[in-house]
Amino acid sequence: MKQGHETTNMTVFYDHLNNKANSFRLCKAALTQWLFGSFETLVSIDKLPFSITNMADDENPLDMDNRDPNELNPHLKVAFEDVLGEPANAHSIDCVWKNSYKCFNCGKNCCYKFLTTLCGIFIALYWGCEFAAIAFHHIWCFTPMLRLMSILMGCCQKFYNSIVSCCLAPLCETCGLFFSQIKVQNH
């Protein structure tokens, strides 16, 4: 009976190792496919033993339609109608206006997509690191320094209050009593 129990434990152990190896192979293949091709062609997401989405994406899903939900750039209006407009008494030929509209949008979209493809990820990485550094400095440097200063200055404040109340308070009170006896009369 003891030997059968050990065999069962070994079988469970080998199954566990086999599942881990399969998970590792899936992770490796998913990473390779993500770097060099489409992930969906590799394996269906239902078969994965883990979640491939980022935790931040689960908490705050990315809205692909409204990409400025906080209206950070309301001043940046670059549509054809926002840039070019012909007044009522100065119209170009209709085909010129229509083709200008198409060329403007094509040029703007192609150039913007090219620049964002070329630089967008690196700029986003830079700004992510920049704001991470700012958060790091505030959390680990500035806030503890402010707390230290408030503790140290609290002692200085008590010391200063004691000096003022012991030395200056009687002097000011005496001056107040002295000047309160002065009476001004207009003739």
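Helices (H or I, at least four residues) and strands (E, at least two) are DSSP runs, numbered from the N terminus. The model treated here is predicted: local features need pLDDT of at least 70, side-chain atom pairs count only at pLDDT 80 or more, and totals for chains, interfaces and linings use all residues. Residues are numbered from 1 along each chain as its sequence is written, and side-chain values use heavy atoms, with hydrogens and water left out.

**Exercise 1.** State how many helices and strands the chain has, and give their pattern.

*Solution.* Step 1: the chain holds four helices and zero strands. Step 2: read along the sequence, the pattern is α-α-α-α.

**Exercise 2.** Determine where in the chain confidence is lowest and where it is highest.

*Solution.* Step 1: the score is pLDDT, the predictor's confidence in each residue, from 0 to 100. Step 2: its average over the chain is 78, and 68% of the residues score at least 70. Step 3: helix 2 (residues 55–59) is lowest, with a mean of 53, whereas helix 4 (residues 94–180) is highest, at 93. Step 4: over residues 38–56 pLDDT stays under 50. For this stretch the model has 21 contacts (heavy atoms within 4.5 Å) beyond four places in sequence.

**Exercise 3.** Classify Pro 144 and Glu 71 as buried, partly exposed or exposed.

*Solution.* Step 1: buried means under 20% relative accessible area, exposed over 50%, and partly exposed in between (1.4 Å probe, protein chains only). Step 2: Pro 144, placed in helix 4, counts as partly exposed because its relative accessibility is 39%. Step 3: leaving aside residues up to four places away in sequence, Pro 144 touches His 138 and Ile 139. Step 4: Glu 71 lies in the loop between helix 2 and helix 3 (80–83), and it is exposed, since its relative accessible area is 59%. Step 5: although Glu 71 is not a glycine, it has a positive phi of about 50°.

**Exercise 4.** Describe the lining of the largest pocket by residue class.

*Solution.* Step 1: the lining consists of 14 residues, of which Arg 67, Asp 68, Asn 73, Leu 76 and Tyr 112 lie nearest the pocket centre. A pocket is an open set of points on a 1 Å grid over the protein atoms alone, where a 1.4 Å probe fits, with protein on both sides within 12 Å along at least five of seven lines; lining residues have an atom within 4 Å of a point. Step 2: by class, the lining has six nonpolar, three polar and five charged residues. Here Ala, Val, Leu, Ile, Met, Phe, Trp, Tyr, Cys and Pro count as nonpolar, Asp, Glu, Lys and Arg as charged, and the others, Gly among them, as polar.
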